Structure formats: C-alpha cells, structure tokens
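Colleague: I'd like to learn how to read a structure like this with you. Could we go through a few features together?

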Amino acid sequence: MVLINCDDLGYGDLGCYGSTANATPAIDRLAAEGLRFDDFSMASPVCSPSRGAMLTGCYPPRIGFDSFDGLPVLFPGQGLGLPTSEISMATMLRDAGYRTQMVGKWHCGDQPGFLPTDHGFDHWFGLPYSNDMGRQAYPTEGPMAPPPGREPIYLNPLPLMLDDRVIEQQPDQAALTERYVTESVRFLREAAAGDDPFFLYFAHLYVHIPLYVQPRFAAASANGDYGAAVACIDWALAVILHELRELGLDDDTIVIFTSDNGSRGVDGGSNAPLRGAKTTTWEGGMRVPCIVRWPGRIAAGRTTSELASGIDWFPTLAGLCGGEVPTDRTIDGRDIAPLLLDEEARSPHECLLSYWMDQLEAVRVGRWKVHYAKHGTVRTELYDLEADPGETTDVAADHPDVLAALAVHAEAARASLGDGLPGRAGPDVRPIGRVDHPVPLPAYDPAHPYYLAEYDLTDRG
Ligand code: MG
C-alpha cells in the first residue's frame with residue numbers, strides 16, 4: 001500500500017485532469033493504468049483537519065479537529081494534536097501485520113504523543129508541519145508584513161524529524177523530496193526482502209509555498225517554480241513505480257495519489273474548472289485529484305464520477321487489508337472498495353459535509369450542493385454540479401424541494417457534529433489531544449551551524 005498525499009495540489013494541476021501548464025507523464029500513466037476519480041473530495045480545505053480526517057476516517061469536528069484554539073490549522077509548538085485515543089490508518093494497518101513508514105509532512109500535532117510514531121508508523125522522516133512554518137524572511141510591505149512599529153515574528157527553525165527526534169533544522173527544501181524518495185525506496189526494499197505487507201504514506205511538501213525547487217525541474221518547467229514542483233512530484237512517483245516493478249510487487253500494491261486540499265489558485269496553481277480555492281468550501285477548495293492503481297484488481301484506464309472522500313480510505317483499506325474498523329465510536333468514512341473494483345458500483349454516500357472550522361458550510365447530495373455559509377457569513381445557494389461544476393448559477397429559487405431534502409441531511413449533521421454558526425455543540429464528538437506545557441521543537445540558536453539560517457522567500461501559505 002502506497003498512499004501519496006500532495007500539499008495544496010489543485011484539481012486542475014495534472015495533465016490527466018486537463019492541465020496544459022504542467023508536465024505530469026508518470027501521474028498520467030498512473031491514471032491510464034488505474035482509476036481516476038472525477039468527484040473526490042477531502043473533508044477540509046486546509047491541511048491539519050484534512051489530514052486528521054483522512055488518517056482517522058472521520059469528519060474533522062468528530063475528532064476535535066474543527067479548530068485549534070480558534071485557528072484553522074495547527075501552528076508550531078501548539079499544545080494540541082491527534083490523541084492516541086484516536087486510531088489512525090497506520091495503527092489499523094500495523095495491527096493487521098503491516099510494516100508502516102511515513103515520509104513527509106504530518107501536521108497533526110508536534111508534541112510528544114501526537115507524532116506519527118505515536119500513531120502507528122514504525123518510522124517517520126519528514127516535517128512536523130508546513131514548510132513555511134520555519135525561520136523565514138518577512139516582507140517589509142504588503143499583507144504579510146508586520147504591522148507598523150512591530151518587529152517581525154520570527155518563527156523557530158523548521159525541524160526535519162527522524163521518528164520522534166529533530167535530526168536537522170532548516171533543511172534545504174529543494175533537496176527534500178529527493179531525500180524522501182531515497183527513504184521510501186529503502187523502506188520498500190526492506191519490506192520486500194522481509195516479504196512483509198507494507199504501508200508507505202508519502203506526504204509531499206510540494207506544492208505548498210514557499211517553493212524551493214531543483215534547477216533540473218525549473219529549467220524544464222513551462223509554469224515557473226509551481227510547474228517545477230509538480231514535475232518533482234511526478235518524478236518521485238516515477239521512481240516509486242519503477243521500484244515496485246523491480247521488486248515484482250506491481251500487481252500486489254495499491255498506489256493512491258491525492259492531495260490534502262485544493263490549490264491556492266494563484267502563482268501557477270489551478271483548480272479549473274472549479275470555483276474557489278484552498279480555505280474555501282467551494283469545490284475548488286474541497287475537490288482534489290485522486291488516482292488509484294492496482295494492476296491485479298483495478299481495470300486500467302477507468303474514470304468514475306461517483307462521490308468519494310478522503311475519509312473513506314480508512315474503512316476501505318481496512319476491508320482490503322484485513323484491518324479492523326473500530327466499532328466503539330462513530331467513523332464517518334465508507335468502504336469504497338466496490339467503486340474501485342466494480343464499474344457498476346455506486347457511491348455509498350448519501351451526503352458529504354463541508355465544514356469550515358466548527359461551522360457547517362455546505363452539504364453535497366448527488367448532483368446537488370447547498371452552501372449555508374462562507375467563513376461566518378450566512379447564505380443559501382444551491383448548485384447543480386452535474387450541469388454546473390463551476391458553481392456559477394445559484395438555482396436555489398427553482399428547487400425548494402431539493403433545498404428541503406438537503407436540509408434534512410444538514411440537520412442530521414448538526415445533531416451529531418454540531419454547527420458553530422447557530423451555536424450548537426455536537427454531542428457525538430471526541431476531544432482533541434492537549435498538553436499543558438508545550439515546547440517548540442527547536443528554538444533558534446545563533447551559534448547553530450544552519451545550512452540555511454533563514455529561508456529567503458517571503459511566500460507564506
Ligand atoms: Mg495543504
């Protein structure tokens with residue numbers, strides 16, 4: 001099992017999803033050899049809740065990941081994270097006999113008890129949070145500049161982790177993907193030599209800003225540094241597929257390729273033809289590329305428009321790998337193995353929910369999506385995503401019956417998960433993990449021989 005999760009890669013960023021800006025031959029080949037989802041969403045349009053949801057098979061508010069003391073994602077040194085009372089996909093697979101390895105970005109808590117090695121991964125090599133959360137230059141003007149009269153708030157150095165330890169600070173981000181690939185290949189060979197089932201979770205730092213890229217990819221890019229970062233993601237996949245073939249594991253390995261949320265929609269990124277971007281519950285924030293390849297079982301070259309979500313991988317992989325789905329708690333994801341294996345199968349989802357922090361913003365049922373709010377502003381708009389995937393024409397006035405039907409699902413969601421907009425608490429939610437005296441992983445030390453004392457790009461995501 002190889003699960004590749006990109007960071008902020010948009011629906012329109014890949015050749016097989018219509019991009020003409022980025023060259024993605026390996027990803028396009030993955031789609032040609034497997035199944036491409038046209039209507040696959042993550043459970044949140046931002047990093048931490050999207051990842052926590054995918055790992056546990058639950059909507060973010062279910063696991064207390066609706067907000068992080070009022071913030072939409074986790075920040076370095078916060079005393080919050082995924083508690084060990086939650087069962088992650090890696091724990092489930094390890095309990096089913098799998099070797100488990102993570103490379104790349106975690107972003108589900110950086111304190112002891114919240115790390116990948118506390119959540120079922122035998123080993124981890126990567127970043128605890130986003131790659132802009134290091135010691136970085138600040139612009140002197142514009143929205144990211146410090147207010148007049150205030151010093152810039154310099155963050156601590158960006159830590160690179162090996163298991164539960166900081167192994168390096170301020171790593172060269174342009175070289176990091178290559179190091180992730182090296183670690184992945186080492187893991188695949190070791191698992192193959194032991195004849196053990198394995199789970200590799202590869203969570204890219206790309207294409208989250210700032211974008212530091214290698215000259216090889218920059219020189220070949222027709223879409224600036226963004227295209228170079230996408231090309232590097234593509235190259236990483238090519239190496240992993242090559243390795244699986246060399247090891248004779250092609251037919252026995254499920255490879256899933258997806259993204260944690262939509263693109264920011266600027267500086268080369270695209271969610272076309274969808275509306276909106278990262279941080280919004282328009283389709284451009286929620287719907288992401290998703291490709292699954294399993295040559296032994298999934299027919300090549302298929303596409304599906306059935307609804308599916310990142311929260312579905314937990315129960316789906318449990319079913320395919322002999323793992324157990326917990327029965328002592330609510331799990332929101334559904335087993336979508338039938339969608340993978342059978343062209344006639346239909347989505348198991350009666351509805352899909354879009355929360356922004358603790359507020360229920362949108363509900364999807366079949367072709368219809370109703371929007372109830374955007375970042376605290378109430379609205380009622382209805383879109384027919386089959387006829388209007390770009391959410392351009394509000395048809396609420398024409399379909400009071402559809403609105404009423406979707407309102408039943410919204411009410412069921414509020415009655416279980418809550419909704420901050422009307423001030424309702426959810427009765428079936430579990431608390432986020434919390435430590436009382438969090439310690440930032442590394443503090444800045446002027447005497448430390450950093451390779452890069454400060455990243456020089458001012459991009460912040
Ligand atoms: Mg992201």
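**Cores, a metal site and a buried lysine**

Modeller: Gladly; keep in mind that this is a predicted model. Let's begin with the largest nonpolar core, which has 59 residues, and within it Tyr206, Val207, Leu244 and Phe257 touch the most other members.

Colleague: What is the general idea behind such a core, and which element gives the most to this one?

Modeller: In soluble globular proteins, nonpolar side chains tend to be buried together. Here H6 leads with 12 residues. Elements giving two or more residues include S1, H1, helix H4 (173–193) and helix H6 (224–246). As for Tyr206, its contacts beyond four places in sequence include Leu211, Val213, Ala229 and Ile233. Another core, of 49 residues, lies apart from this one, with Phe40 and Trp106 among its residues.

Colleague: Now the metal: which residues coordinate the magnesium ion?

Modeller: The general idea first: ideal angles for six octahedral donors are 90 or 180 degrees. In this model, Asp7, Asp8, Cys47, Asp260 and Asn261 coordinate the magnesium ion at 2.1 to 2.7 Å. The angles among its 6 donor atoms run from 54 to 160°, and the site is irregular. Asp8 and Asp260 link distant parts of the chain, 252 residues apart, and both are buried.

Colleague: Is Lys369 buried or exposed, and with which side chain does the Lys369 side chain make a polar contact?

Modeller: Lys369 sits in strand S16 (residues 368–374). Its relative accessible area is 2%, so Lys369 counts as buried. The Lys369 side chain makes a polar contact with that of Glu283, at 2.6 Å.

Terms used:
Residues numbered from 1 in each chain as written. Predicted model: local features only at pLDDT ≥ 70, side-chain atom pairs only at ≥ 80, totals over all residues. Heavy atoms only, no water. Helix = DSSP H or I, 4+ residues; strand = E, 2+ residues; numbered from the N terminus. Buried < 20%, exposed > 50% of the residue type's maximum accessible area, 1.4 Å probe, protein only. Polar contact = N/O pair within 3.5 Å; in protein donor to acceptor, adjacent residues only side chain to side chain. Donors = N, O, S within 2.8 Å, 3.2 Å for Na, K, Ca; no water. Tetrahedral: all angles 85-135°; square planar, octahedral: opposite > 155°, others 65-115°. Core = buried A, V, L, I, M, F, W, Y, C linked by side-chain atoms within 4.5 Å. Contact = heavy atoms within 4.5 Å.
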